[in-house]
Amino acid sequence: MTGDSRRTFGVRLQTHVWNPAGDKRALLLHGLGSDGTSWWRIASELARSGWMCVAPDLRSHGRSPGADDHRLDAMAADVALLGDGWDVVVAHSLGGAVAARLLDDGDTGRFTGGGVLIDPVLHVPDTAIEELRALVRADCGELDPAAIRQAHPRWHERDVQRKVLAARLVTPDVVDGTIDDNRPWDLTDTVARWRTPVHVLIAGNERASTVTSHARVALDANPAVTVTVVAGTDHSVHRDAPDVVLAAVDEVLAQR
């Protein structure tokens with residue numbers, strides 16, 4: 001995906017844990033401009049059902065260390081340090097791209113049940129890079145809660161407030177590094193190698209979705225992958241329709 005020859009090293013991620021004594025283990029990966037607390041609703045519901053949920057702040061997000069390397073390989077190396085044997089990974093947007101890298105390593109037993117990827121960024125055409133940069137930069141830094149409420153009427157008030165807090169900690173250089181360190185951005189070859197069941201939830205608002213037609217072709221070509229377009233949702237499907245995400249977790253585990 002990139003010709004960058006920098007040595008990849010991991011950093012110790014800040015993690016948020018729900019129900020640490022749970023007998024099933026879920027790994028939750030957030031998107032660019034967010035943090036692990038964005039999973040509070042999904043994690044709380046899973047915890048009530050006996051799950052231990054671990055949601056890290058990705059590097060340069062939340063309370064995790066900042067770094068000068070934002071390649072997906074580096075982010076995946078961080079997450080890999082959290083261990084193997086997860087029953088499921090649930091990942092959104094940038095987190096979905098990180099999960100795509102980890103799902104490619106299918107023989108390690110990292111995800112024994114599979115994954116639920118929420119509008120993952122698997123492919124960004126070079127012609128769309130600058131538009132993406134502008135959109136993500138506008139979604140980080142100091143945000144107006146009233147504007148978020150107006151743009152996302154289905155979000156819980158806690159989602160609004162957590163987004164404001166998380167976005168404040170993401171600086172423009174992190175946005176630029178994440179985009180520029182991963183050009184050309186194309187994970188479709190990785191999709192072809194997924195072997196565990198993966199359910200992909202795509203935003204119903206086509207203009208808000210990050211799943212390109214090129215990525216959709218790759219997803220549809222892998223028999224281990226199922227896809228649902230979630231009507232009435234924007235890019236953050238887990239905030240708009242958490243019940244759909246929870247149902248997708250059940251569906252993936254049923255395929256084991």
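Predicted model: local features only at pLDDT ≥ 70, side-chain atom pairs only at ≥ 80, totals over all residues.
Figure 1. The peptide bond joining Arg 183 to Pro 184 is cis, with omega at about -5°. Most peptide bonds are trans.

**Figure 2. Two loop residues with positive phi.** Ser 93 is situated in the loop between strand E4 (88-92) and H3. Although Ser 93 is not a glycine, its phi is positive, at about 55°. Its relative accessibility is 7%, so Ser 93 counts as buried. Asp 119 occupies the loop between strand E5 (115-118) and strand E6 (123-124). Asp 119, likewise not a glycine, has a positive phi of about 45°. With a relative accessible area of 0%, Asp 119 is buried. Most residues other than glycine have a negative phi.

**Figure 3. Packing of helix H4 against helix H7.** Helix H4 (residues 129-138) and helix H7 (residues 172-180) meet at an angle of about 150°, and their axes are 10 Å apart. The two helices are therefore roughly antiparallel. The crossing of H4 past H7 is right-handed. On the H4 side, the contact involves Ile 129, Leu 132, Arg 133, Val 136 and Arg 137, while H7 contributes Pro 172, Val 175, Asp 176, Ile 179 and Asp 180. Sorted by class, this contact of H4 with H7 comprises six nonpolar and four charged residues, with no polar ones.

**Figure 4. Packing of helix H2 against helix H3.** The angle between helix H2 (residues 72-80) and H3 is about 75°, and the axes lie 9 Å apart. H2 and H3 are therefore roughly perpendicular to each other. Leu 72, Asp 73, Met 75, Ala 76, Val 79 and Ala 80 of H2 make the contact with Leu 94, Ala 97, Val 98, Arg 101 and Leu 102 of H3. By class, nine of the residues in the contact of H2 with H3 are nonpolar, two are charged and none is polar.

**Figure 5. The largest nonpolar core and the surroundings of Leu 29.** The largest nonpolar core holds 46 residues, of which Leu 29, Val 79, Val 98, Leu 117, Trp 185, Trp 194 and Leu 219 touch the most other members. Helix H3 (residues 94-103) supplies the largest share of this core, with seven residues. A second, separate core has 27 residues, among them Ala 26, Ala 55, Val 230 and Val 249. Leaving aside residues up to four places away in sequence, Leu 29 is in contact with Trp 39, Pro 56, Val 79, Val 89, Val 90, Ala 91, His 92, Gly 95, Val 98 and Ala 99. In soluble globular proteins, nonpolar side chains tend to be buried together.

Figure 6. Lys 163 is located in helix H6. Apart from residues up to four places away in sequence, Lys 163 touches Leu 32, Gly 33, Ser 34, Asp 139, Leu 143, Ile 148, Trp 155 and Arg 239. Ala 167 is also placed in helix H6 (residues 157-168). From Ala 167 to Asp 105 the separation is 62 residues in sequence and 31 Å in space, C-alpha to C-alpha.

How values were computed: Residues numbered from 1 in each chain as written. Heavy atoms only, no water. Core = buried A, V, L, I, M, F, W, Y, C linked by side-chain atoms within 4.5 Å. Buried < 20%, exposed > 50% of the residue type's maximum accessible area, 1.4 Å probe, protein only. Helix = DSSP H or I, 4+ residues; strand = E, 2+ residues; numbered from the N terminus. Contact = heavy atoms within 4.5 Å. Axes fitted to C-alpha atoms, helices over the stretch in contact; angles between N-to-C directions. Parallel < 35°, antiparallel > 145°, perpendicular 65-115°, else oblique. Left-handed = near helix turned anticlockwise from the far one by under 90°. Nonpolar A, V, L, I, M, F, W, Y, C, P; charged D, E, K, R; others polar.
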